Amino acid sequence: MPKVHFTPHLLRHLDCENRQVEGDTIGACLENAFRGQEQLRAYILDDQGRVRRHVMIFHNGRSMQNRNLLSQSVTETDELFVMQALSGG
Amino acid sequence: MSSQILVATRKGLLTVHAGANGNWQAKKMHFLGQPVSFVLAHPDGPWYAALDLGHFGAKLHRSEDQGENWEELPAPAFPEQDPATSEAEKEAKEEAPSVEKIWCLTPGPGEELWAGCIPAGLFHSNDGGRSWTWKRSLWDVPERQEWFGGGYDHAGIHSILVDPRNSAHLLVAISVGGVWQSLDSGTSFQLIGQGMRAAYVPPERSQDPAIQDPHCVVRSPQDPDRLWMQHHNGIFHSRDNGQHWTESEDVRPSNFGFAVAVDPNNSERAWFVPAMLDECRIPVDGRLVVNRTSDGGTSFETLNGGLPDQFAYDLVYRHALDISQDGRFLAFGSTTGGLWLSDDGGEHWTTVHQNLPPIYALRFVP
């Protein structure tokens, strides 16, 4: 099953251990990762289900930044990293 | 008597207490490192903190025990549009709104709570913020096509006034989108506000209520029809619950600012913190002052006792000036991390702190 890793920055807000989930797209994997922890969804996706502007998803080490990001295919051995974009202040 | 102030800052929520000797001191920072866009000390006891996490969105927390423990509640959110299939639908979905900031929270009767956001969504809760309903009627008004952001990418709702005589009667002020009234708890809205003047649009549009930029609106507890407004280019007041507004003339050193507070015991007395319009946004001549009117906006006294006289760059945001429920204390906080308090109507100010993070909002605990 694909594995989803979450940035440790999220840990200050809520419990979100890395997890292996079912899913054949990035969106499906994230939906399954949110299952049982609906609060996590609003940290990663905005009201419209889009990846938040300052959240980055890496798919097998490649950053994914296009409008069809959530429909990208994943395979059983793939890894997703949910990171925060760098910003200061 | 109020003895506690909640201060929403860029780096957390600070509690400030009055000590036995009358000195006010910072006590504890909650949500350390996290921007707090607004704070509400509910008259019935709960505290609400709106977080603006940037990367991870707008969040809402509630405490039932004066900040000992916080519970995260669902934040107000626009409903998700149906999945897009056509290109046109995909574009529409990309443009669909998402709450970026909870800009104000206003209690109604019982467990009712109102939230105003950027973009300018109005949300209502019947259960103390545990669930929210979007009041779409305000979003759907045709005038929204002309709303625009004042300092932000989108227009936003910063003032929600619930009429204490009839909680179904709301007043909502939008930067930049005028003042709106609902007589049916937000089911429908009417644009109101004759008499305001906008200096930032072509002259033929300057009187148009739809294009006004009220920076902050407050209601007199003593006379609920009496409202005070700091507008983008003037100080206005109303005697008929916002239907008509009168501008105060010749306000020195400036009629620009964000914050306003009204005396709970005297509807004709109000305070403002002027700044240089518009590009500069610092105290005029670097001298931090508070303007007070005691005659219903006809004249103003400029007060500076205890405030910096020169080289001050403190801007006071719209929610960062407050007066205690009994009218005994005033406090304001600045973008430069200064926090000042007065116990004599603003004649003299005591520096509570000079090194806080930028202050977004502050509220006395009732």
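In chain B, strands S8, S9, S10 and S11 make up an open sheet, arranged in the order S8-S9-S10-S11 with antiparallel pairing. Strand S8 (101-107) and strand S11 (133-134) of chain B are the edge strands; each has a single partner strand, so one side of each has no neighbour in the sheet. Please keep in mind while reading that this is a predicted model.

At one end of that order, S11(B) is joined to strand S10 (residues 122-125) of chain B by two bridges, and the two run antiparallel. Looking at individual residues, His124(B) has Thr133(B) in S11(B) as its bridge partner. The loop between strand S9 (113-118) and S10 of chain B contains Pro119(B). The peptide bond that joins Ile118(B) to Pro119(B) is cis, with omega at about -10 degrees.

**Backbone points worth a look**

Pro253(B) sits in the loop between strand S19 (246-247) and strand S20 (256-263) of chain B. That loop between S19 and S20 of chain B also holds Asp250(B), which has a positive phi of about 50 degrees without being a glycine. Asp250(B) has a relative accessible area of 66%, so it counts as exposed.

Arg281(B) is another non-glycine residue with a positive phi, here near 55 degrees. Its place is the loop between strand S21 (266-275) and strand S22 (290-293) of chain B. With a relative accessible area of 27%, Arg281(B) is partly exposed.

Which residues of helix H1 (residues 26-34) of chain A are buried? They are Ile26(A), Gly27(A), Cys29(A), Leu30(A), Ala33(A) and Phe34(A). These residues lie on the same side of H1(A), because the arc they cover around the axis is only 160 degrees. Their cover comes from several elements of chain A, including strand S1 (3-6), strand S2 (19-20), helix H2 (38-44), strand S3 (55-59), strand S4 (62-64) and strand S5 (79-84).

**Nonpolar cores**

In soluble globular proteins, nonpolar side chains tend to be buried together. The largest nonpolar core here has 71 residues, and the members that touch the most others are Phe6(A), Leu10(A), Ile44(A), Leu105(B), Leu138(B), Ile157(B) and Ile174(B). Apart from residues up to four places away in sequence, Ile174(B) touches Ala120(B), Leu138(B), Trp147(B), Ala155(B), Gly156(B), Ile157(B), His158(B), Trp180(B), Gln212(B) and Pro214(B). There is also a second, separate core of 30 residues, with Leu14(B), Val16(B), Val290(B) and Leu341(B) among them.

**Cysteines and a buried histidine**

A disulfide is a covalent bond between the sulfur atoms of two cysteines. With a cut-off of 2.5 Å between cysteine sulfur atoms, the count over all chains is zero disulfides.

| Cysteine | Nearest cysteine sulfur | Distance |
|---|---|---|
| Cys104(B) | Cys117(B) | 7.7 Å |
| Cys216(B) | Cys104(B) | 9.1 Å |

Is Cys104(B) buried or exposed? Its relative accessibility is 2%, so Cys104(B) counts as buried. Cys216(B) is likewise buried, with a relative accessible area of 4%.

Elsewhere in chain B, His30(B) belongs to strand S3 (residues 24-30). His30(B) counts as buried because its relative accessibility is 6%, which falls under the 20% cut-off. Setting aside neighbours within four places in sequence, His30(B) is in contact with Gly12(B), Leu13(B), Thr15(B), Gly67(B) and Trp70(B).

**Where the two chains meet**

How many residues does each chain bring to the contact? Chain B contributes 28 residues and chain A contributes 24 residues. Between them the chains bury about 2000 Å², of which 39% is on carbon and sulfur atoms. On the chain B side, His55(B), Phe56(B) and Glu72(B) supply 36% of the area that this chain buries against chain A, more than any other three residues.

Key: Residues numbered from 1 in each chain as written. Chains lettered and ligands numbered in written order. Predicted model: local features only at pLDDT ≥ 70, side-chain atom pairs only at ≥ 80, totals over all residues. Heavy atoms only, no water. Helix = DSSP H or I, 4+ residues; strand = E, 2+ residues; numbered from the N terminus. Buried < 20%, exposed > 50% of the residue type's maximum accessible area, 1.4 Å probe, protein only. Contact = heavy atoms within 4.5 Å. Arc of directions from axis to C-beta. Core = buried A, V, L, I, M, F, W, Y, C linked by side-chain atoms within 4.5 Å. Pairing = 2+ DSSP bridges. Buried area = accessible area lost by both parts, 1.4 Å probe.
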